[in-house]
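Take a look at the structure below. A walk through a few of its residues follows.

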Amino acid sequence: MFCVNGHTHELRVDNRATLLDVLREQLALPGTKKGCDHGQCGACTVLLDGRRVNSCLVLAVTCHDAAVTTVEGLSSRTTTQMATPPHERPPLHPMQEAFVAHDALQCGFCTPGQICSAVGMLDEAAAEDVALDEHEIRERMSGNLCRCGAYVNIVAAVQQVAAQEVAAP
């Protein structure tokens, strides 16, 4: 049993299959990217029970009864059972909106992992009561690589959402 983006899936998986491969190949969720396949680039970052993980390093069989959130499922985290008509896209997560607003992507390959990592990082920082300045954001996002060099805009997008969360009651 897998719970991915709020939907339960009953799957048969090979004991050697990674969470990344199951997401992409069996559940047809292409947002999570396969970059290095060694846990070094962060392109495959998803949230597993709310924590950031490199899905290329997680065996899918270990995710039984865990909640997995991919970039495709982030928008549903911001709404509570909001019915979206089939011809409309669900609203974007604030982090997704900030990445677009700050042009925090170029080729887009690392973007899903960057966004999932940023969302998880904000939750971690809030739980630890850590202030997120530019240096702290860069340090906490250092496991996610961008070959295009969009780091300045990525940091700006994360700072925007962090400021919105602090300002929210």
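Start with asparagine 144, in the loop between helix H5 (134-140) and helix H6 (151-167). Helices (H or I, at least four residues) and strands (E, at least two) are DSSP runs, numbered from the N terminus. This is a predicted model, where local features need pLDDT of at least 70, side-chain atom pairs count only at pLDDT 80 or more, and totals for chains, interfaces and linings use all residues. Residues are numbered from 1 along each chain as its sequence is written, and side-chain values use heavy atoms, with hydrogens and water left out.

Is asparagine 144 buried or exposed? Asparagine 144 counts as buried because its relative accessibility is 5%. Buried means under 20% relative accessible area, exposed over 50%, and partly exposed in between (1.4 Å probe, protein chains only). The side chain of asparagine 144 makes a polar contact with the side chain of serine 117 at 2.9 Å. Another polar contact joins the side chains of asparagine 144 and threonine 45, at 3.3 Å. A polar contact is a pair of N or O atoms within 3.5 Å; within protein, one must be able to donate a hydrogen and the other to accept it, and residues adjacent in sequence count only if both atoms are side-chain atoms.

Next, the cysteines. A disulfide is a pair of cysteine sulfur atoms within 2.5 Å. By this rule the count is 0 disulfides. For cysteine 36, which is in no disulfide, the nearest cysteine sulfur is that of cysteine 41, 3.8 Å away. Cysteine 36 counts as partly exposed, because its relative accessibility is 25%. Cysteine 110 is in no disulfide either; its nearest cysteine sulfur, that of cysteine 146, lies 3.9 Å away. Cysteine 110 is buried, with a relative accessible area of 11%.

Finish at threonine 62, in the loop between strand E4 (51-54) and strand E5 (67-69). Threonine 62 is exposed, with a relative accessible area of 55%.
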